[in-house]
Amino acid sequence: MATQNQSFQAITESCDECGRETPHDVSVQIRTESQKRENAEFSREPYRVTECQICGEESIQRMNNA
Ligand SMILES: [Zn+2]
């Protein structure tokens, strides 16, 4: 029995590289925007990262779209 408890979730999304829907690994990462260094602690944003399991193409989407 596989007991890997990763925070990955396999979903199907369309991939531009593959030109079709492919399985993707999805994870959420907190990334600090490096543009404003002095406010780095306040500019951490959650990003949704999806990686195509076929070609490895990574797409990153900001989650706070306010
Ligand atoms: Zn792909």
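A: Let's start with a cut-off: a residue is called buried if 20 or more other C-beta atoms lie within 10 Å of its own, and exposed if 12 or fewer do. By that count, 3% of the 66 residues of the chain are buried in this predicted model. The chain has zero helices and four strands, so the pattern along the sequence is simply β-β-β-β by the DSSP runs.

Now for the part you asked about. Strand β3 covers residues 44-52, and nine bridges tie it to strand β2, residues 20-32. Those two strands run antiparallel.

Together β3 and β4 make a hairpin, with five residues between them. Look at Gly56 in that turn, where phi is positive, at about 85°.

Next, go to Arg62, which belongs to β4. Arg62 counts as exposed because 12 other C-beta atoms lie within 10 Å of its own, and the exposed class takes in residues with 12 or fewer. Leaving out residues up to four places away in sequence, Arg62 touches Glu45 and Tyr47. Take the Glu45 pair: Arg62 and Glu45 are 17 residues apart in sequence, yet their C-alpha atoms are 7.3 Å apart in space.

Glu17 lies between β1 (9-15) and β2. Glu17 is exposed too, because it has 12 C-beta neighbours inside 10 Å. Setting aside neighbours within four places in sequence, Glu17 is in contact with Cys52, Cys55 and Glu57. For another distance to check in your viewer, Glu17 and Ile54 are 37 residues apart in sequence and 9.4 Å apart in space, C-alpha to C-alpha.

To put those pairs in the setting of the whole chain, consider contacts between residues at least 6 apart in sequence: 33% of them join residues at least 24 apart.

Key. Residues numbered from 1 in each chain as written. Predicted model: local features only at pLDDT ≥ 70, side-chain atom pairs only at ≥ 80, totals over all residues. Pairing = 2+ DSSP bridges. Contact = placed C-beta atoms within 7 Å.
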